[in-house]
Amino acid sequence: MQQLKYILLFMMSIPVFVTAQEKSTADLVSNYLEVNGSMGQYNYAYDELLKMLKGRYPENSTNTQGWKYLKENKTKAVKEMKSLLTPIYEANFTKDEITKMLAFYTSATGKQLITDRSKMNPAQKEKLNTFYNSEVGKKIIEKQPILGSEISKASESWSRDLYETALSLLK
């Protein structure tokens with residue numbers, strides 16, 4: 001009887017372990033946004049904002065804490081942007097589609113596309129065309145107007161909030 005309890009307990013726990021191994025759609029989108037270069041663009045935007053502000057509001061005794069906060073807060077701010085983008089992708093693509101998009105962008109072809117498209121070799125160009133002619137690729141192209149609009153709104157909101165926060169800390 002004791003062994004039966006252990007066997008039942010083990011059988012009931014299998015779904016928990018199997019589910020724990022699967023990545024959530026949000027985790028997949030998060031990875032996708034990293035590998036496709038999106039988050040790199042927001043890191044760059046944050047750095048450029050600080051450069052611009054440095055010219056207008058050089059660090060001095062009255063704003064040193066504000067500068068410290070802005071320098072230390074970059075990771076958090078970019079993570080907030082990712083949290084704005086994630087639901088956009090979740091609403092427009094299935095988990096399977098995001099997995100395929102992630103697989104493409106983690107491939108040598110996808111990495112070269114992000115690094116320098118002009119240096120893609122003929123085989124990589126063929127793989128790129130194959131990807132964009134696939135069902136997922138066609139859906140990406142089809143969703144571009146919607147994605148562009150929604151991402152633009154999220155980016156503008158993030159940028160505006162970041163700029164307003166920076167100004168309030170540095171003035």
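Buried, in this talk, means under 20% relative accessible area, with exposed over 50% and partly exposed in between, using a 1.4 Å probe and protein chains only. On that basis, 34% of the chain's 171 residues are buried.

Some ground rules. This is a predicted model, where local features need pLDDT of at least 70, side-chain atom pairs need 80 or more, and totals for chains, interfaces and linings use all residues. Residue numbers start from 1 along the chain as its sequence is written, and side-chain values use heavy atoms, without hydrogens or water.

Now the fold. The chain has nine helices and zero strands. Both are DSSP runs numbered from the N terminus: helices are H or I, at least four residues; strands are E, at least two.

Contacts next, meaning heavy atoms within 4.5 Å. Take those with a separation of 6 or more: 74% join residues 24 or more positions apart.

On to the largest pocket. A pocket is an open set of points on a 1 Å grid over the protein atoms alone, where a 1.4 Å probe fits, with protein on both sides within 12 Å along at least five of seven lines; lining residues have an atom within 4 Å of a point. Its volume, the space filled by probe spheres set on the points, is about 300 Å³. Of its 15 lining residues, Tyr32, Asn36, Ser38, Tyr89 and Tyr105 are closest to the centre.

Which helix gives the most to this lining? H9, with four residues. H3 (38-56), H6 (95-106) and H9 (135-170) each supply at least two.
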